Amino acid sequence: MREEDATLIHCRLDELLDERGMTLTRLSELVGVSIVNLSVLKNDRARAIRYSTLQAICVALDCEVGELLVIRPN
């Protein structure tokens with residue numbers, strides 16, 4: 001990742017899926033987003049996310065936005 005592309009925002013999707021015993025495939029089915037796009041988000045490579053997608057993920061995982069997206073310490 002280029003330095004100018006680096007962000008302090010970290011997506012905790014992996015941890016939340018693990019805590020809930022859910023697979024990325026199942027989450028994809030529930031939210032209607034491709035596994036590839038969820039993987040981009042999960043691996044902190046997303047440059048943007050739609051509110052509708054964020055809402056669908058939070059509903060499926062029964063979490064708040066602040067549990068999914070956090071600021072990484074410097």
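**Salt bridges and their setting**

Reply: Start with Lys-42 and Asp-14, whose side chains meet in a salt bridge with N and O 3.7 Å apart. This pair links distant parts of the chain. Lys-42 sits in helix H3, residues 35-42. Asp-14 sits in helix H1, residues 13-20. Asp-14 counts as partly exposed because its relative accessibility is 40%, which falls between the 20% and 50% limits. Bear in mind that this is a predicted model.

In general, side chains of opposite charge can pair when their charged atoms come close. The search of the whole structure finds six salt bridges. The bridge between Lys-42 and Asp-14 is one of them.

Next, look at Arg-12. Arg-12 forms a salt bridge with Glu-15, and the closest N and O atoms are 3.2 Å apart. Glu-15 has 31% relative accessibility, so Glu-15 counts as partly exposed.

Then comes Arg-20 with Glu-19. Their side chains meet in a salt bridge at 3.3 Å, N to O. Arg-20 is at 30% relative accessibility and therefore counts as partly exposed. Glu-19 is exposed, because its relative accessible area is 54% and the exposed class begins over 50%.

These two pairs belong together. Arg-12, Glu-15, Glu-19 and Arg-20 are linked in a network of salt bridges.

Now the charges of the whole chain. There are 9 positive and 12 negative charges.

Step back to the fold. The chain has five helices and two strands. Their order along the sequence is β-α-α-α-α-α-β. The radius of gyration is 12 Å, close to the 11 Å that the globule rule gives for 74 residues, so the chain is as compact as a globular protein of that length. The C-alpha trace spans about 35 × 20 × 20 Å along its principal axes.

Take the contacts in the chain with a separation of 6 or more: residues 24 or more positions apart account for 62% of them. Buried residues make up 30% of the 74 residues. The accessible surface comes to about 5,200 Å². Carbon and sulfur atoms hold 50% of that surface.

Ala-56 gives a view from another helix. Ala-56 is in helix H4, residues 51-61. Ala-56 and Leu-27 are 29 residues apart in sequence, yet their C-alpha atoms are 9.5 Å apart in space. Ala-56 has a relative accessible area of 25%, so Ala-56 is partly exposed.

Finally, check two loop residues at either end of H4. Asp-44 lies in the loop between H3 and H4. Asp-44 has a positive phi of about 60°, although it is not a glycine. Asp-44 counts as buried because its relative accessibility is 15%, under the 20% limit. Asp-62 is found in the loop between H4 and helix H5, residues 65-68. Its phi is also positive, near 50°, and Asp-62 is a residue other than glycine. Asp-62 is at 66% relative accessibility, so Asp-62 counts as exposed.

Conventions: Residues numbered from 1 in each chain as written. Predicted model: local features only at pLDDT ≥ 70, side-chain atom pairs only at ≥ 80, totals over all residues. Heavy atoms only, no water. Salt bridge = Lys/Arg side-chain N within 4 Å of Asp/Glu carboxyl O. Buried < 20%, exposed > 50% of the residue type's maximum accessible area, 1.4 Å probe, protein only. Helix = DSSP H or I, 4+ residues; strand = E, 2+ residues; numbered from the N terminus. Rg over C-alpha atoms; globule rule 2.2 N^0.38 Å. Contact = heavy atoms within 4.5 Å. Areas by Shrake-Rupley, 256 points an atom, 1.4 Å probe, with all protein chains shown as cover. Lys, Arg positive; Asp, Glu negative; His and termini not counted. Charge placed at Lys NZ, Arg CZ, Asp CG, Glu CD.
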